[in-house]
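Open the model in your viewer and keep the selection tool ready. We will go from stop to stop, and each stop tells you what to pick and what is there.

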Amino acid sequence: MWLADVAYGALTPGINVPTVAVLNVALLGCIGCLLFLLIGAVSSSSWLIPHAAFLLLLAVGLLISINWFVYQLGTVSPAEQQRQLFSSTEGAAACAGTATDAKPAPATELAGAAQSDPHKQQ
């Protein structure tokens with residue numbers, strides 16, 4: 001169920017707590033790798049130190065800014081995201097930009113609209 005909650009967080013608007021946790025673990029793993037790279041660069045090559053330090057600074061800044069942004073917006077419950085994702089076919093049709101009861105325009109109306117458009121290049 002936890003993995004499904006992460007998927008709901010990725011596929012629907014808003015973010016839930018399990019998705020934030022997975023994102024934080026991934027960013028902390030990135031920070032750990034960059035930290036080991038920086039430690040290794042100190043003992044071997046001095047030209048790599050500024051690059052690794054800058055990437056480490058960017059990763060820490062990304063972690064802080066994402067968590068601040070989530071704190072400002074708040075989280076959504078996975079149950080609400082599941083309802084939003086699997087609500088009804090009318091909601092899915094509205095998201096896709098199609099209406100279930102809309103009828104296509106007759107070809108004569110489309111042809112007339114194309115001829116009356118003054119901005120259309122020929």
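Select Ala79 to begin. Ala79 sits in helix 4. This is a predicted model, so treat every value on the tour as computed from it. Is Ala79 buried, exposed or partly exposed? Its relative accessible area is 42%, so Ala79 is partly exposed.

Ala79 and Asn16 stand 63 residues apart in sequence. In space, their C-alpha atoms are 9.7 Å apart.

**Along helix 4**

Move to Glu80. Glu80 is also found in helix 4. With a relative accessible area of 42%, Glu80 is partly exposed. Glu80 and Gly14 are 66 residues apart in sequence. From C-alpha to C-alpha, the distance between Glu80 and Gly14 is 9.9 Å.

Next, select Gln81. Gln81 belongs to helix 4, which covers residues 78–85. Why does Gln81 count as buried? Its relative accessibility is 0%, and buried means under 20%.

Show the side chains of Gln81 and Asn16. A polar contact of 2.6 Å joins these side chains. Then display what else surrounds Gln81. Neighbours within four places in sequence are left aside here. Gln81 is in contact with Asp5, Tyr8, Gly9, Thr12, Pro13, Gly14, Ile15, Asn16 and Val76.

Centre the view on Asn16. Where does Asn16 lie? Asn16 is in the loop between helix 1 and helix 2. Asn16 is buried, because its relative accessible area is 0%.

Show the side chain of Thr19 as well. The side chains of Asn16 and Thr19 are joined by a polar contact of 2.5 Å. Asn16 therefore has a place in two such pairs on this tour: one with Gln81, one with Thr19, and the cut-off for a polar contact is 3.5 Å.

Now look around Asn16, again leaving aside neighbours within four places in sequence. Asn16 is in contact with Asp5, Tyr8, Gly9, Thr75, Val76, Pro78 and Gln81. Asp5 is one of the residues in contact with Gln81, and Asp5 is also among the contacts of Asn16.

**Helix 1**

Select Trp2. Trp2 has its place in helix 1. Which residues touch it, apart from neighbours within four places in sequence? Trp2 is in contact with Pro18 and Val22. Trp2 and Pro78 are 76 residues apart in sequence. Their C-alpha atoms are 9.4 Å apart in space.

**Helix 2**

Select residues 17–43, which are helix 2. Helix 2 has 27 residues. From first C-alpha to last, helix 2 reaches 39 Å, close to the 39 Å expected at 1.5 Å a residue.

Colour the buried residues of helix 2. They are Pro18, Thr19, Val20, Asn24, Leu27, Ile31, Leu34, Leu38 and Ala41. What do these buried residues pack against? They pack against helix 1 (2–11) and helix 3.

**Helix 3**

Follow on to helix 3, residues 49–73. Helix 3 has 25 residues. It reaches 36 Å from its first C-alpha to its last, close to the 36 Å expected at 1.5 Å a residue.

Colour Ala52, Leu56, Ala59, Leu63 and Val70. These are the buried residues of helix 3. Their cover includes helix 2.

Now pick Leu57, also in helix 3. Is Leu57 buried or exposed? At 58% relative accessibility, Leu57 counts as exposed, because exposed means over 50%.

Step just past helix 3 and select Gly74. Gly74 takes a positive phi of about 90°.

**Zoom out**

Show the whole protein chain as a cartoon. How many helices and strands does it have? There are 6 helices and 0 strands. Along the sequence, the pattern is α-α-α-α-α-α.

Colour by burial next. Of the 122 residues, 20% count as buried. The protein chain exposes about 9200 Å², and carbon and sulfur atoms supply 69% of it.

One last number concerns contacts.

Conventions: Residues numbered from 1 in each chain as written. Predicted model: local features only at pLDDT ≥ 70, side-chain atom pairs only at ≥ 80, totals over all residues. Heavy atoms only, no water. Helix = DSSP H or I, 4+ residues; strand = E, 2+ residues; numbered from the N terminus. Buried < 20%, exposed > 50% of the residue type's maximum accessible area, 1.4 Å probe, protein only. Polar contact = N/O pair within 3.5 Å; in protein donor to acceptor, adjacent residues only side chain to side chain. Contact = heavy atoms within 4.5 Å. Areas by Shrake-Rupley, 256 points an atom, 1.4 Å probe, with all protein chains shown as cover. Expected span 1.5 Å × (residues − 1).
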